[in-house]
Amino acid sequence: MLQNMIDAIDNELIEDDVYLSLVSFVVNGNSIILTLELTYQDDENVLQKWEIQCNDFGEHKLELFYFSDFKVLDEHVYLWDYNKDYFELYFNGHVKDSKKLIGELYIAHRDITNNLIPFGTYMNGKIEWLLGFDLGLFAKAPVNLIKEYCNVLEDNGLKGTLLPTKSDKQWNGKQTDYKVLIFGDSYVVAKEFIAIQLDNS
């Protein structure tokens, strides 16, 4: 894991204005290799240089920028597609005020995902278009989110039905051993993270 990296950084005689930065990354098969540097904010002198191997990765968003902390989590919004039960939500009925419904769906989605997943990601098309059919598949999403969608539909006079399914990211059945490495605005979902300290030169 990354504990050796955390310990080495903590043991460095450094001040508060020290930052990590992602300086490069390479995708190698089913692994992503990140190169990080530890520097003072106003000094290009590299205090430590690290390589993090993210093995059997699922997805990532990477920005070459400074960040002040990083963490590895086994429970997070970015992991829902990998470790949550999945359901399809079917609806039946005619909605009287589609704008009200859409607004309530947006608020529910924003609150439960902490605004980390774009609204509409799990919908089966544009919402107003879907509602125009008065029945059909509305969304496919992790259980905690799809239940909120169902509640909003039913609060607006529609009937919702949930049917179990699985995420496209749950290969070979439900996966529960993915973790997410988060640093700044970047993240990597993978099964294993290995940190190796490099020569600064």
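Modeller: Happy to, and let's begin with Asp 134, which is partly exposed, with a relative accessible area of 27%. Please keep in mind that this is a predicted model.

Colleague: What makes Asp 134 partly exposed?

Modeller: Buried means under 20% and exposed means over 50%. Asp 134 has 27%, so the label is partly exposed. This residue is found in the loop between helix 4 and strand 8 (135-142).

Colleague: And what is there to say about the phi of Asp 134?

Modeller: Its phi is positive, about 65°, although Asp 134 is not a glycine. Most residues other than glycine have a negative phi. Asn 114 also has a positive phi, near 55°, and is not a glycine either.

Colleague: Where is Asn 114 found, and why is Asn 114 called exposed?

Modeller: Asn 114 is in the loop between helix 3 and helix 4 (127-131). Its relative accessible area is 55%, and the label exposed applies over 50%, so Asn 114 is exposed.

Colleague: How do you know that Ile 52 counts as buried?

Modeller: The relative accessibility of Ile 52 is 1%, and buried means under 20%, so Ile 52 counts as buried. Ile 52 belongs to strand 3 (residues 46-55). Leaving out residues up to four places away in sequence, Ile 52 touches Leu 2, Met 5, Ile 32, Ile 33, Leu 34, Leu 36, Leu 181, Phe 193, Ile 194 and Ala 195.

Colleague: Why are helix 3 and helix 5 called roughly antiparallel?

Modeller: The axes of helix 3 (residues 98-113) and helix 5 (residues 143-155) cross at roughly 155° and come within 10 Å. Angles over 145 degrees count as roughly antiparallel, so the pair gets that label. The crossing is right-handed.

Colleague: Which residues make the contact between helix 3 and helix 5?

Modeller: From helix 3 come Leu 101, Glu 104, Leu 105, Ala 108, His 109, Ile 112 and Thr 113. Helix 5 brings Asn 144, Leu 145, Glu 148, Tyr 149, Val 152 and Leu 153. By class, the contact of helix 3 with helix 5 has eight nonpolar, three polar and two charged residues.

Colleague: On to the strands. What makes strand 7 mostly covered?

Modeller: Strand 7 (residues 86-92) has seven residues, and five of them are buried.

Colleague: How do you know that strand 7 pairs with strand 8 and with strand 9?

Modeller: Pairing needs at least two bridges. Seven bridges join strand 7 to strand 8, running antiparallel, so these strands pair. Phe 91 stands opposite Gly 136 in strand 8. Seven bridges also join strand 7 to strand 9 (residues 159-165), again antiparallel, so that is a pair as well. Here the bridge partner of Leu 89 is Leu 162 in strand 9.

Note on methods: Residues are numbered from 1 along each chain as its sequence is written. This is a predicted model: local features need pLDDT of at least 70, side-chain atom pairs count only at pLDDT 80 or more; totals for chains, interfaces and linings use all residues. Side-chain values use heavy atoms; hydrogens and water are left out. Axes are lines fitted to C-alpha atoms, for helices over the stretch in contact, and angles run from 0 to 180 degrees between N-to-C directions. Helices (H or I, at least four residues) and strands (E, at least two) are DSSP runs, numbered from the N terminus. Angles under 35 degrees count as roughly parallel, over 145 as roughly antiparallel, 65 to 115 as roughly perpendicular and the rest as oblique. A crossing is left-handed if the near helix is turned anticlockwise from the far one by less than a right angle, and right-handed if clockwise. Contact means heavy atoms within 4.5 Å. Ala, Val, Leu, Ile, Met, Phe, Trp, Tyr, Cys and Pro count as nonpolar, Asp, Glu, Lys and Arg as charged, and the others, Gly among them, as polar. Buried means under 20% relative accessible area, exposed over 50%, partly exposed in between (1.4 Å probe, protein chains only).
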